[in-house]
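Dear colleague,

I am handing over the structure that follows, and below it you will find an account of what was found in it. Please keep it open while you read.

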Amino acid sequence: MNKPLIAVERLTKRFDVSRSMTDILTGKRPQLQAVTDVNFTLQRGETLGIVGESGCGKTTLGRMLIKLIPPSEGTILFDGKNISGMDRTAELAFRRRAQLVFQNPFDALNPHFTILRSLREPLHNARVPGEEHVSRIAEAMGMVHLPAPDHFLQSLPHQLSGGQLQRVVLARALVLRPEFILADEPVSMLDVSVRAGILNVLREVRDRMGLAAVFISHDLALVRYVCARTITMYLGAVVEDGPTADIVGNPLHPYTKALVQAVPIPRVDQSHAPLPITGGLPDARNPPSGCRFRDRCPLAEGRCASEVPPLRDVGGGRRVACHLV
Amino acid sequence: MLLEVRDLVIDYRSTRGRVRAVDGVSFNVPAGAIIGIVGESGCGKTTAVRAITRVMPSSAVFSGGSISLNGTDLVKLSERDMQKHLWRDIAYVPQSAMNALDPVWRVGRQVEEVLVARGGMEKKAARVRSEELFAMVGLGANRLSDYPHQFSGGMRQRASIALALALSPKLVIADEPVTALDVVIQRQVLDTFATLQKQLNVSVVLVTHDISVVAYVCDYVVVMYAGKVVESGPVADVLDRPAHPYTMGLYNAFPELSGDDRELSPIEGSPPDLLDPPQGCRFRARCPFSIATCTQDPPEHLVGEGHIANCHRATEAADLRETAKRTETWVGVTTE
């Protein structure tokens, strides 16, 4: 096995939540555990999708990967180095090698900056010599299939369509030739007809640049289109991990099963069978003991309440956190 | 026919002139059917259905057409007469269930208020009816004493459906009712609509941008583009044999969870500016099949049982469908 680009170990994130009067009087500081004991590695050039319902911690996990927020516990190694407690030089290098694609292209770009300035800013910040800027920008614009003539680069964000803006946001992430990009719901704000173009760009970038990527989405169909591997999260914990084709074709964890079954398809002949699970996510401040999924799980039995199921290797590059698999 | 919308025209007054958001839209809603209205943002789908309930911003103007509910033209009704139909005959489930419920009132009280104020019920009877309504959408009676913030997104959406059903309307209009919801919850809400349709014979007009939602729950579909209907008909027919290039393009652009890993084709370009719409077919600038005659208004072609496509080349649809399946067909169409 090659040395992974990213190694996540025992990653946990807790947030303080507002205290009730009783909490204040009893001196309690309630916390919400958004991400619980997450472990995984990402190889160079690997595309990993993280799926789960809103509130499952996928965005919090992503933010830690890109060092926007610090973990409460655990470590993230990027190319073997811990991303917490880096010195300034190391930090600058990390910021150049790991880039972020924002969800909402309509407010990811400074409305007063021309497209050229938005694309130049990261190059400038990363101390890329000025004479390289034009060619680097042309390269990034080419990758996202945007025309690079002057009038386009001189336009302002409000003059562009949503699809063009999202391509600019992608180009801005690619202009530094990163080794890793994090895309958190990169197409959820776009119309269906435009989405496909962005997804195709993500696929091309994956194939041509050998970029490692984490793609966060609630939509399993989108993840399947772009990612070779998928992680399912439930209430802060990873419940399943494996090759996307296997996760979609033969999900093992009861939650992933329900998730796969719940995705509607654009065909009339599809299953209307009732889902095996009901209800919504439980309160994350007070998660169920043992397996966090047990109160919605059709298979739950005694030990599910007492023992936390570990994320076990089940062969074929797959890991599952369930006592019954 | 429960509802017949004919040649509906709605304008918005803006500082730059009148924007014709809905331009000659017609569709029918049979009793007990679920109709999906699909299209992208700005296509006029929300404006068209809001016109039915007359829940519209003050800048909106009815500029033509009729909306006939069981033979009564709603457009001609006075504000006062229209009020009599709301809740009783037509109910509206807004896009964000967050806004449909008052945060400082218990949910049950909000349902009871509609029953008492609009339905003239006694307080006690209203309480019993609220419990019935909650049971219909799969919520327990004990939940009536909760506040909206104690509900999850899906429960809130189901509560707002229960609210809409309070006075047993024949028609429920739901604007993107599942867009903000996760797939598991989305499925529960869609199943709620399907159950109500079967048990109460309620008709539903469901606005969505997601063709898979239409495929899952609707009987008929109306596809809109830039203020006009481009194709309509029974769901199975329209999805299996789309006859308008826009519908074909929408299908090709949609990632699917099952089946083979086909490459998606985006529809290049963007919809036209409705302040100055193009002559003839509005999709022609993005259409790989446009020809010279497309600068003239597209005719209505009947391509199947109740299946209409507004396209000059609708008679060639079978051939176009094959060509549309190839990704390269959609590359380099616009000059934008």
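This is a predicted model: local features need pLDDT of at least 70, side-chain atom pairs count only at pLDDT 80 or more; totals for chains, interfaces and linings use all residues.

Residues are numbered from 1 along each chain as its sequence is written, chains are lettered from A and ligands numbered from 1 in the order in which they are written, and side-chain values use heavy atoms, with hydrogens and water left out.

The ring of A:Y234 is paired with that of A:F293: their centres are 5.0 Å apart and their planes stand at 80°, so the pair is edge-to-face. Rings of Phe, Tyr and Trp (its six-membered ring) pair if their centres lie within 6.5 Å, and planes under 30 degrees apart count as stacked, over 60 as edge-to-face and the rest as tilted. This pair links distant parts of the chain, since A:Y234 lies in strand β9 (residues 229-234) of chain A and A:F293 in the loop between α11 (254-262) and α12 (302-306) of chain A, 59 residues apart; helices (H or I, at least four residues) and strands (E, at least two) are DSSP runs, numbered from the N terminus. A:F293 is also buried, with a relative accessible area of 2%, and A:Y234, A:Y255 and A:F293 form one aromatic cluster.

In chain B, the rings of B:Y225 and B:Y246 have their centres 4.6 Å apart and their planes at 50°, so this pair is tilted. B:Y225 is in strand β9 (residues 220-225) of chain B and B:Y246 in helix α10 (residues 245-252) of chain B, 21 residues apart. B:Y225 counts as buried at 3% relative accessibility, and B:Y246 counts as buried at 0%.

Chain B also holds an open sheet of four strands in the order β2-β1-β4-β5, with antiparallel pairing, where two strands pair if DSSP finds at least two bridges between them. Its edge strands, each pairing on one side only, are β2 (17-29) and β5 (72-73) of chain B. Strand β1 (residues 3-14) of chain B is joined to strand β4 (residues 60-69) of chain B by eight bridges, and B:V9 stands opposite B:G64 in β4(B).

Elsewhere in chain B, B:T192 lies in helix α7 (residues 183-200) and is buried, with a relative accessible area of 8%. Leaving aside its neighbours within four places in sequence, B:T192 is in contact (heavy atoms within 4.5 Å) with B:M136, B:V137 and B:R158.

Finally, two residues deserve a look for their backbone. Most residues other than glycine have a negative phi. A:R10, although it is not a glycine, has a positive phi of about 45°; A:R10 is found in strand β1 (residues 6-16) of chain A and counts as exposed at 54% relative accessibility. B:R54, which is not a glycine either, has a positive phi of about 60°, and B:R54 sits in the loop between α1 and β4 of chain B, where B:R54 counts as buried at 19% relative accessibility.

How values were computed
Buried means under 20% relative accessible area, exposed over 50%, partly exposed in between (1.4 Å probe, protein chains only).
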